[in-house]
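Please look through the structure below before reading the numbered points. They move from the whole chain to single residues.

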Amino acid sequence: MAAAEDAALLVKSRVEQLDALELDKEVLHVLKSQLLSVFKFLPLSLQNNWEPEIDTILQIVVLHLSLRGVGATFGQQLLNIEFLKSQRKLALLAVVTPILLKYVNTRATDVASKTGSPSVVKVVESFTQWSDVSIALGSLLNLLLFLRSGNYPNLLYRIFGVQMQYKSMKSRQRQVGYSHMTRELIWHSFIELLVFVLPLVNYHYIKRQVMKILMLGSISKSKNVAKKKLSYTVNTKCAACSQRPVLPHHMDCDHIFCFYCLQANILADPHFPCPICGHRASGPSSAKQVSVTIM
């Protein structure tokens, strides 16, 4: 009877098993980010030199705190699942072994290089490369088997025969909250709307109208002012960027612009007003080159 109940509690959902592994990675990533922020003022070389040790110690501490007395990692606890009670020790080996193997694989080359023997370094590099390829192929094969059978989402879980179960019959039905997903969809739709609408808004026209209201007609229009003779000297500044004009142009007022400043503003706002006198352009053809006479 107990065996039948244990079999009924076994987790067969592939999504939940993979989610548990991903949640464990996210928890570890968040804790590591917090830990590194504490030591961010230390020399970067010191952090890089001790990063494998930091990763290993942090993962072991997290697993110890999560598995002790509960028999489930933090990711499994969030999904109300756990390792089989009869496999707690094997589960501990299954989760600790890849951590230690990764650390050994990372430090093996460094230790071999300190021996000063090129042959030792070559052997160690070949071994680590072979082990990486073997683990990758084994993980791929295990993933294909997992997708077919729904058991052992991790290669080490399959090697040690570790399985997961629900904590109770009530927790078999996964309760999914859609409030977060709804908020994400709303924000995503709102951002898409902004991306579509904002390029259609003529900010230069709005700016011109606002400035017209704020200035209350204090800027005199060039048509109401007697036109002066256009003068270009070594002290002339662009009316838009206040720098020496590059390819000087004008738009039938007394002020000179850089060609790029004037043309860009007219393309953005066909009725672009002169920042100094308020004379408005009449379209893209308003930009006219200044004829400079060399004496």
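1. Among contacts in the protein chain between residues at least 6 apart in sequence, what percentage join residues at least 24 apart? The figure is 56%. Keep in mind that this is a predicted model.

2. In secondary structure, the protein chain has 11 helices and 4 strands. Its length is 295 residues, and 28% of them are buried.

3. One part of the surface is a nonpolar patch of about 1,100 Å². Among the residues that make it are Trp187, Phe190, Ile191, Leu194 and Phe196, and also Leu200 and Tyr203. Helix H9, which covers residues 179-197, gives the most to this patch, with 8 residues.

4. Ile191 is one of the patch residues, and its place is in helix H9. Its relative accessible area is 48%, so Ile191 is classed as partly exposed, because that class lies between 20% and 50%.

5. Asn151 sits in a loop, with helix H7 (118-149) on one side and helix H8 (155-160) on the other. Is Asn151 buried or exposed? Asn151 counts as buried because its relative accessibility is 17%, and the cut-off for buried is under 20%.

6. Which residues touch Asn151, leaving aside its neighbours within four places in sequence? Asn151 is in contact with Lys12, Phe146, Arg158 and Gln163.

Conventions: Residues numbered from 1 in each chain as written. Predicted model: local features only at pLDDT ≥ 70, side-chain atom pairs only at ≥ 80, totals over all residues. Heavy atoms only, no water. Helix = DSSP H or I, 4+ residues; strand = E, 2+ residues; numbered from the N terminus. Buried < 20%, exposed > 50% of the residue type's maximum accessible area, 1.4 Å probe, protein only. Contact = heavy atoms within 4.5 Å. Patch = residues over 30% accessible without salt bridge, like charges linked within 9 Å, V, L, I, M, F, W, Y side chains within 5 Å. Areas by Shrake-Rupley, 256 points an atom, 1.4 Å probe, with all protein chains shown as cover. Salt bridge = Lys/Arg side-chain N within 4 Å of Asp/Glu carboxyl O.
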